[in-house]
Amino acid sequence: MYAQLIKTARSGITSREDMSEQEREFQDKIDNDIKIEPRDWMPDDYRATLIRQMGQHAHSEVVGQLPEGNWITRAPTLERKAILLAKVQDEAGHGLYLYSAAETLGETRDELVRLLHEGRMKYSSIFNYPTLNWADIGAVGWLVDGAAIVNQVALQRTSYGPYSRAMIRICKEESFHARQGYHAMMKMAFGSPAQKKMAQDALNRLWFPAMMMFGPHDSDSTHSEQSMAWKIKVKSNDELRQQFVDQTIPQIEYLGLDLPDEGIKWNEERGHYDFSDPDWDEFMDVIRGNGPCNVDRLNDRVAAWDNGQWVRDGLMAHARKKAAAKVAAE
């Protein structure tokens with residue numbers, strides 16, 4: 001998912017007996033699938049967890065533009081360039097929706113961006129891997145956005161209303177992103193031997209990083225239990241990862257590509273595919289900032305923010321001028 005290793009302010013679930021009357025009423029609303037809205041009372045820990053998750057999710061959408069934006073000027077056709085431009089623009093919009101949703105909880109966008117730039121708030125580990133050629137762009141659209149859809153469709157049922165509603169529009173656009181990525185991979189896989197080789201290489205390199213997007217195993221995710229009880233998360237990391245594998249293996253087979261993991265086998269008893277674990281040491285290393293592109297990604301984001309200061313200043317000056325004119329007219 002786009003939000004990994006989200007820490008709640010609580011470890012474990014608070015029992016009903018230990019809840020205050022307000023907390024019990026709050027939990028009853030969640031248990032009855034009644035959305036929590038910005039003006040509703042909520043525990044401070046619930047608010048803090050949501051801010052962390054939505055902030056990290058928003059950062060992932062914005063930073064996620066960088067690996068693909070790098071290929072806009074090098075797209076193989078004008079059609080592919082237009083598609084990639086639209087996709088990158090969509091990701092910026094997704095970040096905007098999510099920053100706006102986080103602001104309903106009292107957090108400012110400037111503060112969220114500051115935390116990102118200082119390295120105190122993360123984004124998805126997948127974006128710290130390079131896109132080496134055009135096949136990687138297809139694989140990112142297919143695998144990364146495909147994994148995002150698995151998670152974000154579930155988040156349409158999250159307990160916080162603004163987050164849930166943002167996911168509805170985001171999922172519609174993400175489905176386009178995944179389809180265009182798969183279509184690009186089809187062109188490569190059904191093209192020349194050299195193109196098919198590039199497609200296979202992209203799949204091999206990005207498969208396990210895409211699997212890591214869902215976060216560590218449930219048994220190692222100490223904060224998931226409370227997030228599940230609050231229905232901030234509605235499916236566990238392992239459930240989402242299994243769903244992603246089950247839907248993606250037939251797509252790989254249709255492309256005629258080799259499976260990227262020798263451990264992938266259909267398990268008749270479980271009714272699911274078995275698969276190998278990602279390298280969780282590598283995952284933690286990337287999360288800590290030691291991935292192939294961590295430094296470049298953060299430097300690029302800081303530079304973009306600094307270079308855009310004059311635009312923000314102009315917009316704020318215009319807003320103040322309009323507000324003053326409105327007051328004068330009254």
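**The largest pocket**

The largest pocket of this predicted model has a volume of about 580 Å³. Its lining consists of 21 residues, and those lying nearest the centre of the pocket are Tyr99, Arg109, Val113, Trp305 and Arg312.

By class, the lining of the largest pocket comprises ten nonpolar, six polar and five charged residues. Arg109 and Arg312, named above among the residues nearest the centre, belong to the charged class.

Rolling a probe the size of a water molecule over the atoms shows where empty space is left. A search of the whole structure finds five cavities of 30 Å³ or more. The second largest cavity has a volume of about 60 Å³.

The residues lining the second largest cavity are Pro67, Ile126, Phe127, Tyr129, Pro130, Thr131, Val140, Val144 and Leu206. Eight of these lining residues are nonpolar and one is polar, while none is charged.

**Helix α7 and its two partners**

Two packed helices are described by the angle between their axes and the distance between the axes. Helix α7 (residues 161-189) packs with helix α8 (residues 193-212) at an angle of about 135°, and the two axes are 7 Å apart. The helices α7 and α8 are therefore oblique to each other. In this contact, Met185, Lys187, Met188 and Ala189 of α7 meet Gln195, Lys196, Met198 and Ala199 of α8. The residues of the contact divide into five nonpolar, one polar and two charged.

Helix α7 also packs with helix α10 (residues 237-255), where the axes come within 10 Å and cross at roughly 30°. Angles under 35 degrees count as roughly parallel, and α7 is therefore roughly parallel to α10. On the α7 side the contact involves Tyr182, Met185, Met186 and Ala189, which meet Gln251, Tyr254 and Leu255 in α10. By class, this contact has six nonpolar residues, one polar residue and no charged residues. Met185 and Ala189 of α7 take part in the contact with α8 and also in the contact with α10.

**Aromatic pairs**

A pair of aromatic rings is described by the distance of the centres and the angle of the planes. The count for this structure comes to nine aromatic pairs. In one of them, the ring centres of Phe26 and Tyr46 are 4.9 Å apart and the ring planes stand at 75°, so the pair is edge-to-face.

This pair links distant parts of the chain. Phe26 lies in helix α1 (residues 21-31) and Tyr46 lies in helix α2 (residues 44-63), with the two residues 20 residues apart.

How values were computed:
Residues numbered from 1 in each chain as written. Predicted model: local features only at pLDDT ≥ 70, side-chain atom pairs only at ≥ 80, totals over all residues. Heavy atoms only, no water. 1 Å grid on protein atoms, 1.4 Å probe; cavity = no way out; pocket = protein on both sides within 12 Å on 5 of 7 lines; lining within 4 Å. Points joined across faces, edges and corners; volume = space filled by probe spheres on them. Axes fitted to C-alpha atoms, helices over the stretch in contact; angles between N-to-C directions. Helix = DSSP H or I, 4+ residues; strand = E, 2+ residues; numbered from the N terminus. Parallel < 35°, antiparallel > 145°, perpendicular 65-115°, else oblique. Contact = heavy atoms within 4.5 Å. Phe/Tyr/Trp six-rings, centres within 6.5 Å; stacked < 30°, edge-to-face > 60°.
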